[in-house]
Amino acid sequence: MLITLKDAATKLRAANKILITAHIQPDGDAIGSTLATMQILRGLGKTAQVFIDDTVRKNLHALPHFDEIRRPVSGETFDADLLLILDTSAERLGNVRKLTNAPALNIDHHITNTGADVDYLYVDKDAAATCEIVYRLARELDAEITPEIATCLYTGIATDTGFFQFSNTRAHTLAIASELITAGVSPHFISERMESKSLAEVQGLAAALNSLKMYFGDKVAGMILDHATMKKFDSTEGFIDEIRVIDTVDVAFLLSERAPNVCRVSMRSKGVDVSKIATSLGGGGHVRAAGCTLKTTLDEAEKILVGAIGNALGVGND
Ligand code: AMP
Ligand code: MN
Ligand code: MN
């Protein structure tokens, strides 16, 4: 059932023990929004705990209260009266759903979120990040925005907008960022922490660039990384941005084999709606940034993906 942000605030006010979660393969918005909400709810005297069923890339480990995030273990349950799902629809939660039968409140900014398998959904596709919505929620709840909460929220907004460069950056996005800086955020400190990469990651980027393939008269650029290559580095964060910038390119993709027959797809576009392509392949996302997972061989995944992109562009098979 679709609800308003006011309704979402009312549900949170009425709850006492809240289990907070976000998507697997968590990004800055997933971790920033869950940690900020945990602190906001604790500030209102509630019990709040974040569970994420995945590892988190190192750049996010220094966020306030990061060490309190828990990963569900097999057979574990958690006593909650509300499950709060942030920055994703209910499909990408790993085993968190097994922790509780509490009603699920979902707050998200993905255009592809239909509210399946949740009780209440607040979705705002015009929010650049879920952290933007959490900021408005905090205002609705009359919660104090501490410097720690502001740091978490700013990180989510900055990372989901490519540091205020992508088309989702709007006047309200910058207005909220400005409020967060007033609340105590140090933007350059967060930028430096987020852009930091290990030597292995930079070497991985070199390997990824070597795998560059162009399709459909250079309108599409792809990087394809097999499992052996993927094992050498722990993150592909930002790789796709290096090829998205090619002047002839409309759609860029990164196809990475995470395990045998598990191929993860990231897409970015300058025009075409890649959320539709991702949805048609079982994933989702936004108009200009979307993703999915294809459970097949890398070669087959490339064929399926390039075929779907070609259809969306209205061009034939390459
Ligand atoms: P990424 O390429 O991983 O940065 O993802 C781009 C956008 O698409 C993000 O907003 C993701 O949350 C979304 N996305 C990625 N993979 C999926 C998926 N399998 N299902 C739904 N949304 C996804
Ligand atoms: Mn996210
Ligand atoms: Mn997000």
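The following legends describe close-up views of a predicted model.

**View 1. Arrangement of domain 1 and domain 2.** The protein is divided into two domains, with domain 1 spanning residues 5–195 and domain 2 spanning residues 200–313. A separation of 26 Å lies between the C-alpha centres of domain 1 and domain 2. Contact between them involves 10 residues of domain 1 and 13 residues of domain 2.

**View 2. The area buried between domain 1 and domain 2.** About 940 Å² is buried between domain 1 and domain 2. Carbon and sulfur atoms give 48% of this area. On the side of domain 1, Gln25, Arg57 and Thr112 together supply 41% of the area buried against domain 2, more than any other three residues.

View 3. Arg57 forms a salt bridge with Glu237, and the closest N and O atoms of the two residues are 3.5 Å apart. Arg57 is also one of the three residues named for their share of the area that domain 1 buries against domain 2. Between domain 1 and domain 2, the count of residue pairs in polar contact is 4. The residues on the side of domain 1 that touches domain 2 comprise 2 nonpolar, 5 polar and 3 charged.

**View 4. The aromatic pair of Phe51 and Phe78.** The count of aromatic pairs comes to 3. Among them is the pair formed by Phe51 and Phe78, which is edge-to-face. The ring centres of Phe51 and Phe78 are 5.4 Å apart, and the angle between their planes is 70 degrees. This pair counts as edge-to-face because the angle of 70 degrees is over 60. Phe51 and Phe78 both lie in the loop between β2 (47–50) and β3 (82–86). The two residues are 27 residues apart, and their pairing links distant parts of the chain.

**View 5. The surroundings of Asp250.** Asp250 is located in the loop between α9 (239–244) and β8 (251–259). Apart from neighbours within four places in sequence, Asp250 is in contact with Lys219, Arg268, Ser269, Lys270, Gly271, Val272 and Leu313. One of these residues, Arg268, is 18 residues from Asp250 along the chain, and the C-alpha atoms of Asp250 and Arg268 are separated by 8.2 Å.

Definitions and conventions
Residues are numbered from 1 along each chain as its sequence is written. Chains are lettered from A and ligands numbered from 1 in the order in which they are written. This is a predicted model: local features need pLDDT of at least 70, side-chain atom pairs count only at pLDDT 80 or more; totals for chains, interfaces and linings use all residues. Side-chain values use heavy atoms; hydrogens and water are left out. Domain bounds come from an automatic or database domain assignment. Contact means heavy atoms within 4.5 Å. Buried area is the accessible area (1.4 Å probe) that two parts lose on being put together, summed over both. A salt bridge is a side-chain nitrogen of Lys or Arg within 4 Å of a carboxyl oxygen of Asp or Glu. A polar contact is a pair of N or O atoms within 3.5 Å; within protein, one must be able to donate a hydrogen and the other to accept it, and residues adjacent in sequence count only if both atoms are side-chain atoms. Ala, Val, Leu, Ile, Met, Phe, Trp, Tyr, Cys and Pro count as nonpolar, Asp, Glu, Lys and Arg as charged, and the others, Gly among them, as polar. Rings of Phe, Tyr and Trp (its six-membered ring) pair if their centres lie within 6.5 Å; planes under 30 degrees apart count as stacked, over 60 as edge-to-face and the rest as tilted. Helices (H or I, at least four residues) and strands (E, at least two) are DSSP runs, numbered from the N terminus.
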